[in-house]
Amino acid sequence: MSLVLFLILLATGLLMIFVYEPSPERAYQSILFMQDETLFGRLVRGAHYWGANLLIAVAVLHLLRVFLTGAFHGQRRSNWLIGLGMMFLIMLSGFTGYLLPWDQISYWAITICTEMLGYVPVVGQSLQRLIIGGTDIGAATMLNFYALHTVVVPLLLIVLMTWHFWRVRLAGGVVVPRSFKNGPPVGDAYVPFQPALVQREKALALIVVAVVIVAAILFGAPLDQPANPGLSPNPAKAPWYFVGLQELLLHFHPLFAVFVIPLLAVFAIVGVSYLPLDATLSGNWFLTQKGRRLAAVAAVTSVLFITMWVLIDELVVGPGGWLPGSAPVVSDGLLPSTVLAVGVLTFYLSLKKYFAASASEAVQALFVLFAVSFAVFTVIGAWFRGAGMALMWPWQI
Amino acid sequence: MADIDKPRRSFLARMTALFAGLAALEAGWIATSFFGARRSERSLPDGNGVQIAGPVERFEVGSVTAFGEGHFYLARLDDGGFLALHRKCTHLGCTVPWNADEERFACPCHGSAFDIRGDVLSAPAVRALELFPVQIENGIVKVDTTKPIRRASFESHQVTRA
């Protein structure tokens, strides 16, 4: 499915580089030309847009499935890591492509995201400078992003993709579901590749192509007013896959929101594949019956807890932080982070104590806790934040 | 025979490694020069980057004047001193408009606010607005827009007085 989307993106992208001109003066004009005066230009651009968004969504879902069926450790560890690398590249690809239309949405979204980088200690500011090629977003930024988007990232993705598929074969195919009673795998362990898998893939490929084309026709790709560096729109939001991070920024000191917390998350998601977990459980959704129940508990906990946290932070705590009068790093960063860490630890210990969870089940429940939390942040950031980033209902925005 | 070959082989291997390392260094140097050249070119927009704002009398005490091209606001404080404030919000880089009625810079993106001296009035921003160096020569205010200066908060030595 991701492969089909990648091919769609490759084909539509190849068409567009013949029309698009990567400079602040010409970019917007060339897109208008593509949309209004090129036959099927609007369709091609729409397909590229929807293909890209779908690819991110599908890649995230794939990652979730791989994790929740326990196919990320032991001999599959290297493929989990390759997959994470590809996930990063897909995000980077979406992010670099976001700037290219050079309209108000893209200009300010990229401004916000690159400014987030500046909060990383020590290297942040030089990194930010390197990426945008100066102090402000301009021609150099565009050239950087264009080169990354059209050459560097696709090439790396092709290399990693090949490696990824080859490692699946090396690991003896995808994980096979087994019955919960610990019996042998349901049905035969192996079926012929052709036609069993190829037929399914073909059908799915056709469906994906159809969905992308229909979305491109019905909704097209958004294009706002041309970028105006002197006028920020209200509200200014990052691309939807980074909105969760932006939401985090409203609740934590920047040092924690864009550095400490993401860094811990990366450590966790990489490190988890090095844990010595029970490989015989792999193959089933949520591993065991108890695994399912605990995952549900974790999901409900994080939805309730994060919603409450956001509301309390917004309505009760306010801009002064959790401990007004102290340094912002403490009142907005260290203090809430410590409270959260203690909360997570309590959750983990009570899983062990009251549910007698095994290591695999507890790790899985924690993963669900974090994944759902991030999803809630994303939903709030995307649909419940209006002018001035104030909380409001989606229909009021 | 094999014993005679050994030193020669290890010598050749070491030489190969040495030249490979040199080649990598050269490649890295060339690559960084590509990025470096472009950056220094950008840090000098139109000539020397010094913008002439105008004669001192033109700016009323307690007023804020926007200079769109130079990306800054020229603020004249109540004591008559000048500050050139970068228009970029220190939170996430949005452009902050000056609200003359409320006497504050209010960021439209995430609700940060700054006073006329650039100090933070309300979070999420944690640093005061960045500054450009101001010079007053023969009663003419000049602002060097080459590089904004980061600061934590307002201090009186940042003000240029006529």
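Author: Helices here are DSSP runs of H or I with at least four residues, numbered from the N terminus. Bear in mind that this is a predicted model.

Reader: Is V214(A) buried, partly exposed or exposed?

Author: Buried needs under 20% relative accessible area and exposed needs over 50%. V214(A) comes out at 44%, so the label is partly exposed.

Reader: Over in chain B, which are the edge strands of the open three-stranded sheet?

Author: The order is β1-β11-β10, paired antiparallel. Five bridges join β1(B) to β11(B), and P55(B) stands opposite I140(B) there. The strands that pair on one side only are β1 and β10.

Reader: How are the rings of Y20(A) and Y146(A) arranged: stacked, tilted or edge-to-face?

Author: Their centres are 5.8 Å apart. Stacked needs planes under 30 degrees apart and edge-to-face over 60. The planes here stand at 35 degrees, so the pair is tilted.

Reader: And what about F72(B) and F132(B): stacked, tilted or edge-to-face?

Author: This pair links strand β3 to strand β9 of chain B, 60 residues apart. F72(B) counts as buried at 1% relative accessibility, and F132(B) is buried at 4%. The ring centres lie 6.2 Å apart with planes at 70 degrees, so the pair is edge-to-face.

Methods:
Residues are numbered from 1 along each chain as its sequence is written. Chains are lettered from A and ligands numbered from 1 in the order in which they are written. This is a predicted model: local features need pLDDT of at least 70, side-chain atom pairs count only at pLDDT 80 or more; totals for chains, interfaces and linings use all residues. Side-chain values use heavy atoms; hydrogens and water are left out. Buried means under 20% relative accessible area, exposed over 50%, partly exposed in between (1.4 Å probe, protein chains only). Two strands pair if DSSP finds at least two bridges between them. Helices (H or I, at least four residues) and strands (E, at least two) are DSSP runs, numbered from the N terminus. Rings of Phe, Tyr and Trp (its six-membered ring) pair if their centres lie within 6.5 Å; planes under 30 degrees apart count as stacked, over 60 as edge-to-face and the rest as tilted.
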